[in-house]
Amino acid sequence: MVTQPVVDLDGRRRSRGAALRDASAVQLRPVRIGDEPALREFVETVSADSLRRRFCGSISPAIAAASLALRLDSDDIVLLAEVPGTPSIVGHAAAYRIGPERAEVAFVIADAWQGRGLGSIMLSRLATAVGEHGVTTLTAEVLPTNQAMLTVFARSPHPVEMWTGADGVEVRIALALPASAAVAA
Ligand SMILES: CC(C)(COP(=O)(O)OP(=O)(O)OC[C@H]1O[C@@H](n2cnc3c(N)ncnc32)[C@H](O)[C@@H]1OP(=O)(O)O)[C@@H](O)C(=O)NCCC(=O)NCCS
């Protein structure tokens, strides 16, 4: 069961639309209590290979669904992409707080929706959401062969560093300083 409403996408607990490259529309919103059944259906639309890339290793769909639905602390921010007017989830973007100003991000898009720009849009919205809650650094661990994810990170408008670590490519994105720090600087 999803145990936390987590943090709103924009502090107003509502969903926001986005247009993809092929002109199809999605709604982005924070994960909510009660999303677990829809998340389980979402995982069924994700191939084993995509799940392997999301979790950096083989994982059963049941465990993947449980992880997407359950691995939430109150400081985490999870955004879902839905097909407007339906309960169908097509994207999941998570920022797991790993320090006062740091969050580890991970994404998974339904296979049929990959390559349309949704991952890039979700990174942008997630960065805005976490930035409003004091996060200044995003990190990620990506399989070296995961060119799509590396491309999405490399296109971030924020400074991005990537280096090879023990378990794959380590990514660090420096978000803009919080407004208070920028004023003080
Ligand atoms: C990685 C992922 C989140 C990206 O989301 P997406 O919606 O497909 O991303 P976008 O459409 O915004 O951009 C992907 C870019 O990578 C490119 N790309 C995709 N596969 C590629 C490949 N094998 N080699 C090179 N580029 C590739 C796409 O063409 C696109 O570039 P373009 O805009 O020039 O066409 C999505 O593909 C996914 O869910 N993958 C499986 C899970 C995963 O890998 N998660 C990452 C864990 S951190």
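Residues are numbered from 1 along each chain as its sequence is written. Because the model is predicted, local features need pLDDT of at least 70 and side-chain atom pairs count only at pLDDT 80 or more, while totals for chains, interfaces and linings use all residues.

- Six of the six residues of strand β3 (residues 77-82) are buried, so the strand is largely enclosed by the rest of the structure; a residue is buried if 20 or more other C-beta atoms, placed from the backbone, lie within 10 Å of its own.
- Strands (E, at least two residues) and helices (H or I, at least four) are DSSP runs, numbered from the N terminus.
- Ile 77, Leu 79 and Ala 81 point one way from β3, whereas Val 78, Leu 80 and Glu 82 point the other way.
- In a regular strand the side chains alternate between the two faces of the sheet.
- Strand β2 (residues 25-30) runs antiparallel to β3 and is joined to it by four bridges, with Glu 82 as the bridge partner of Gln 27; two strands pair if DSSP finds at least two bridges between them.
- β3 also pairs in the antiparallel sense with strand β4 (residues 89-99), over six bridges, and there Ala 95 is the bridge partner of Ile 77.

**Shell around the ligand**

- The ligand is surrounded by 22 residues, the closest being Arg 53, Gly 119, Ser 120, Gln 147 and Ala 148; a residue is near a molecule if its C-beta atom, placed from the backbone, lies within 6 Å of it.
- Elements giving two or more residues to this shell include α2 (48-55), β5 (102-109) and α4 (118-131), while α5 gives the most, with five residues.

**Confidence**

- The protein averages a pLDDT of 87, and 86% of the residues score at least 70; pLDDT is the predictor's confidence in each residue, from 0 to 100.
- Confidence is highest in α5, at a mean of 98, and lowest in helix α6 (residues 179-184), at 46.
- Where pLDDT is low, the predicted coordinates should not be read in detail.

Notes. A residue is buried if 20 or more other C-beta atoms lie within 10 Å of its own, exposed if 12 or fewer, and partly exposed in between; C-beta atoms are placed from the backbone.
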